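The sequence and structure are shown first.

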Amino acid sequence: MKKKFNLYCGLLIAAIVFGIGVNMFETGYRMFQGGKAGIEQAKKERGMGIKRDPFENFRRINRMTPVEMMPKEDYLMELNAGDSILNLKTGENMPMLTVQGIVLPKDGSNRMLMMQGIGHLSFFCIIVFLVAFIKLVISVNKGRIFEKSMETQLAWGGWAVLAMYLLGWVGTLYQYLLNVQEFEFEKYRLEIVQMPDIALLYSGLGMLLMGQIFKIGRQMKEEQELTI
């Protein structure tokens, strides 16, 4: 039984690490591609005698503002398309509706500091969850199931997951409210399209519930021992 338990726990940890790794690789790859394109562009400009402020790219990154939107008349997609895209296989220029995008306003607000802070807090919550989960696995393997430490680890893990879910909403609402203040597009209305993963809410509440179940089991065990 413990072998299966350890196997499932190992698969869960591997899935978490894989997910984090994929996100880090994707972010790193985009940064590499962006840096590579920037270096190539800078070489071309130097060859043409054009001089630019070395901090211009950093300011451009700070101006990058993610937006989520839906067409005002989505049932008239072909007549009210906000853009078009060329299908090179058929040569057809097809209507396209943008749901998510990045705009670069001239005087865009610098949101990077807030979003980085939320990202750091989320990473801290992931570490708390992993530590609690590993301690939980160790307790089970040592046979310390109906002990208060189990309840503590489940509580720490559950609250950490709930905190990740709430931080996701903080970041989402922060971006949305600032977008509403700064933008009003002709054919699109600003909306929240991508919400934080609801599975985090279920998982966090599930861990807290499991902690209470183990607490009830421990109390029943103590009462039986006192009765005997």
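## Packing of α3 and α4

In this predicted model, helix α3 (residues 112-141) packs against helix α4 (residues 148-182) at an angle of about 160°, and their axes are 8 Å apart. Angles over 145 degrees count as roughly antiparallel, and α3 and α4 are therefore roughly antiparallel to each other.

The crossing in which α3 passes α4 is left-handed. The residues of the contact between the two helices comprise 21 nonpolar, seven polar and one charged.

## Nonpolar cores

The largest nonpolar core contains 18 residues. Within it, the residues with the most contacts are F129, M150, L154, V161, M164 and M207. Helices α3, α4 and α5 (198-227) each contribute at least two residues to this core, and α3 gives the most, with ten residues.

When neighbours within four places in sequence are set aside, M207 is in contact with F129, L154, G157, G158 and V161. Another core lies apart from the largest one; it has six residues, among them M69, L97, Y188 and L190.

## Overall fold

The protein chain has five helices and five strands. Along the sequence, these elements follow the pattern α-α-β-β-β-β-α-α-β-α.

Of the 228 residues of the protein chain, 23% count as buried. Among contacts between residues at least 6 apart in sequence, 78% join residues at least 24 apart.

Conventions:
Residues are numbered from 1 along each chain as its sequence is written. This is a predicted model: local features need pLDDT of at least 70, side-chain atom pairs count only at pLDDT 80 or more; totals for chains, interfaces and linings use all residues. Side-chain values use heavy atoms; hydrogens and water are left out. Axes are lines fitted to C-alpha atoms, for helices over the stretch in contact, and angles run from 0 to 180 degrees between N-to-C directions. Helices (H or I, at least four residues) and strands (E, at least two) are DSSP runs, numbered from the N terminus. Angles under 35 degrees count as roughly parallel, over 145 as roughly antiparallel, 65 to 115 as roughly perpendicular and the rest as oblique. A crossing is left-handed if the near helix is turned anticlockwise from the far one by less than a right angle, and right-handed if clockwise. Ala, Val, Leu, Ile, Met, Phe, Trp, Tyr, Cys and Pro count as nonpolar, Asp, Glu, Lys and Arg as charged, and the others, Gly among them, as polar. A nonpolar core is a set of buried Ala, Val, Leu, Ile, Met, Phe, Trp, Tyr and Cys residues joined through side-chain atoms within 4.5 Å. Buried means under 20% relative accessible area, exposed over 50%, partly exposed in between (1.4 Å probe, protein chains only). Contact means heavy atoms within 4.5 Å.
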